[in-house]
Amino acid sequence: MTKFILALDQGTTSSRAILFDHAGRIHGSAQQEFRQIFMHPGWVEHDANEIWQSQLAVARQVLKDNQVSASDIAAIGITNQRETTVLWDRRTGEPIANAIVWQDRRTAGFCDALRADGKAGLFQEKTGLILDSYFSGTKVRWLLDNIPDAREKADRGELAFGTVDSWLIYKLSGEHVTDTSNASRTLMFNIKTLEWDDALLQALDVPRSLLPHVMPSSGIVANTDPAFFGGAISIAGIAGDQQAATFGQVCHHTGMAKNTYGTGCFMLMNTGQQAISSHNNLLTTIGWTTGNQLLGKTDYMLEGSVFMAGATVQWLRDGLGIIRDSSEIEALAASVPDTGGVVFVPAFAGLGAPYWDAYARGTIVGMTRGTTKAHIARAALASIAYQTVDVLEAMQKDSAILLRELRVDGGASRNDLLMQFQADILGVPVVRPVVTETTALGAAYLAGLAVGFWASQEEIAAQWQMERRFMPDMSTDERTERLVLWRRAVQRAQAWVE
């Protein structure tokens with residue numbers, strides 16, 4: 001009898017592999033960081049082979065460390081950093097350039113040109129997305145136009161495009177596939193017809209021959225090469241990291257929402273089988289598709305994307321050097337009672353929802369001679385919570401749903417100071433589950449459902465357990481004053497680069 005689901009969680013800064021048992025508990029894990037490549041200001045790249053090698057290494061390591069064989073694994077679930085774009089040669093299986101990461105802003109000018117040409121409405125209607133360099137489509141176009149011979153090879157059908165899920169599955173199995181959740185983040189996929197869209201491809205000048213076959217998020221899509229793990233294992237779950245986290249938080253019903261505090265910060269609300277168009281600069285996206293091929297059930301989400309959350313803390317560590325390890329941030333921030341009037345807008349990669357300003361830049365305002373690194377650290381944590389408020393307010397306007405609680409996960413959700421301030425500034429309870437690795441857990445659940453490891457979503461929902469509830473404890477007047485100050489600071493950061 002198979003004992004575990006293996007989740008491959010390929011993130012922006014590291015690759016992880018986690019074994020989950022039938023109770024949804026972590027049996028073992030392994031993690032490996034890889035390089036972040038900054039060739040020019042606003043550019044962020046990864047070596048796609050480093051992604052692959054690190055992911056394979058941790059998958060092998062977690063099996064070895066826990067004395068688990070391929071025959072003990074019921075299925076593999078894959079979740080991934082979204083929008084990051086890989087182009088590779090179908091013949092050699094090698095990338096033709098570094099992967100362009102979701103944070104990369106190099107195609108902002110192309111997005112401006114598309115908007116000037118009146119294309120913004122076309123993209124929003126068909127994809128549910130804002131026309132922004134965040135998404136994969138303009139990154140594909142840039143690679144085709146700037147890598148020697150790339151467009152000629154693409155026109156001959158010699159190249160393949162994929163987000164990171166596709167890249168890993170191709171390397172593991174030779175199959176060129178993706179799922180609806182990842183496809184919905186490309187600017188090339190019609191989220192209503194569940195098909196690649198010719199009008200969008202034409203606007204971006206991307207040939208259809210590059211694109212992977214789109215599959216459900218839960219269902220067997222491929223089998224791994226037996227050489228990798230000593231036996232073939234079915235790949236049966238795929239979802240972009242934020243959709244996977246939403247599934248792992250069992251936000252399976254309309255109106256339920258979660259916020260993941262990772263490199264970025266991502267809030268998703270389940271709107272059921274209805275794609276709600278946003279009038280407040282949020283994204284309408286596919287959460288997951290379950291069932292037979294694409295004829296099953298597709299759940300839609302409203303999403304607000306914050307580009308810099310945990311990455312802000314990493315900058316304090318790597319850029320400013322005021323902490324040696326990210327884990328030190330809570331104690332440093334707690335050493336002062338407040339920010340001393342400092343407001344930190346971490347727009348290092350522009351601003352995401354609801355501002356969508358690719359030309360905003362990181363700003364710290366309100367400093368005095370009395371400002372210390374502790375005040376800056378506390379302001380950095382507060383910035384994560386403030387950005388979440390901006391997203392939630394837009395989400396409640398679009399959905400007409402008043403949020404009763406916010407489920408949280410991701411690395412920074414373990415920071416009690418941040419979670420309490422988040423509850424205070426939101427004015428709603430913040431709930432942290434026992435298992436905060438919900439991104440990997442969601443991928444495991446999608447894979448396990450496909451192979452009968454779990455019988456139903458109801459069985460999965462029964463496994464969710466709360467670890468702590470943070471209740472709001474801030475007056476309405478104070479909350480309002482703090483948010484006014486935050487939005488003044490955001491105005492200072494906006495449109496900084498011309």
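Tutor: Begin with the largest pocket, which has a volume of about 1,100 Å³. Keep in mind that this is a predicted model.

Student: How many residues line the largest pocket, and which lie nearest its centre?

Tutor: The lining has 44 residues. Nearest the centre are Tyr261, Gly262, Thr263, Gly411 and Ala412. Helix α11, residues 310-320, gives the most to this lining, with four residues.

Student: What classes of residue make up the lining of the largest pocket?

Tutor: It has nine nonpolar, 23 polar and twelve charged residues.

Student: What is the volume of the second largest pocket?

Tutor: About 580 Å³. Its lining has 23 residues, and Phe38, Gln103, Met308, Ala311 and Gln314 lie nearest its centre. By class, the second largest pocket is lined by ten nonpolar, nine polar and four charged residues.

Student: Now cavities. How many are there of 30 Å³ or more?

Tutor: One. The largest cavity has a volume of about 50 Å³.

Student: Which residues line the largest cavity?

Tutor: Val306, Leu351, Gly352, Ala353, Tyr355, Gln387, Asp390 and Trp486. Five residues of this lining are nonpolar, two are polar and one is charged. Remember Gln387, Asp390 and Trp486 from this list.

Student: How do I read two packed helices?

Tutor: Two packed helices are described by the angle between their axes and the distance between the axes. Take α13, residues 373-399, with α17. They pack at an angle of about 95 degrees, with their axes 11 Å apart. That angle makes α13 roughly perpendicular to α17, because 65 to 115 degrees counts as roughly perpendicular.

Student: Which residues of α13 and α17 meet?

Tutor: From α13 come Ser383, Tyr386, Gln387, Val389, Asp390 and Glu393. From α17 come Arg482, Leu483, Trp486 and Arg487. Four residues of this contact are nonpolar, two are polar and four are charged. Gln387, Asp390 and Trp486 take part in this contact, and they also line the largest cavity.

Student: At what angle do α14 and α17 pack?

Tutor: About 100 degrees, with the axes 9 Å apart. Helix α14 covers residues 416-426, and α17 covers residues 476-493. So α14 is roughly perpendicular to α17. Phe421, Asp424, Ile425 and Leu426 of α14 make the contact with Arg479, Arg482 and Leu483 of α17. By class, there are four nonpolar, no polar and three charged residues. Arg482 and Leu483 of α17 touch α14 here, and they meet α13 as well.

Student: How far apart are the axes of α10 and α15?

Tutor: They are 6 Å apart, and the angle is about 75 degrees. Helix α10 runs over residues 241-248 and α15 over residues 438-451. That makes α10 roughly perpendicular to α15. Helix α10 brings Asp241, Ala244, Ala245, Phe247 and Gly248 to the contact. Among their partners in α15 are Leu441, Tyr445 and Leu449. The contact has eight nonpolar, four polar and one charged residues.

Student: What should I look for with charged side chains?

Tutor: Side chains of opposite charge can pair when their charged atoms come close. Here the count comes to 33 salt bridges.

Student: What about the backbone itself?

Tutor: Most residues other than glycine have a negative phi, and most peptide bonds are trans. Look for exceptions.

Student: Is the peptide bond from alanine 353 to proline 354 cis or trans?

Tutor: It is cis, with omega near -5 degrees. Proline 354 sits in the loop between β19 (343-345) and β20 (363-365). Ala353 is also one of the residues lining the largest cavity.

Student: And is phi of aspartate 205 positive or negative?

Tutor: Positive, near 60 degrees. You will find aspartate 205 in the loop between α8 (198-204) and β12 (213-215).

Methods
Residues numbered from 1 in each chain as written. Predicted model: local features only at pLDDT ≥ 70, side-chain atom pairs only at ≥ 80, totals over all residues. Heavy atoms only, no water. Axes fitted to C-alpha atoms, helices over the stretch in contact; angles between N-to-C directions. Helix = DSSP H or I, 4+ residues; strand = E, 2+ residues; numbered from the N terminus. Parallel < 35°, antiparallel > 145°, perpendicular 65-115°, else oblique. Contact = heavy atoms within 4.5 Å. Nonpolar A, V, L, I, M, F, W, Y, C, P; charged D, E, K, R; others polar. 1 Å grid on protein atoms, 1.4 Å probe; cavity = no way out; pocket = protein on both sides within 12 Å on 5 of 7 lines; lining within 4 Å. Points joined across faces, edges and corners; volume = space filled by probe spheres on them. Salt bridge = Lys/Arg side-chain N within 4 Å of Asp/Glu carboxyl O.
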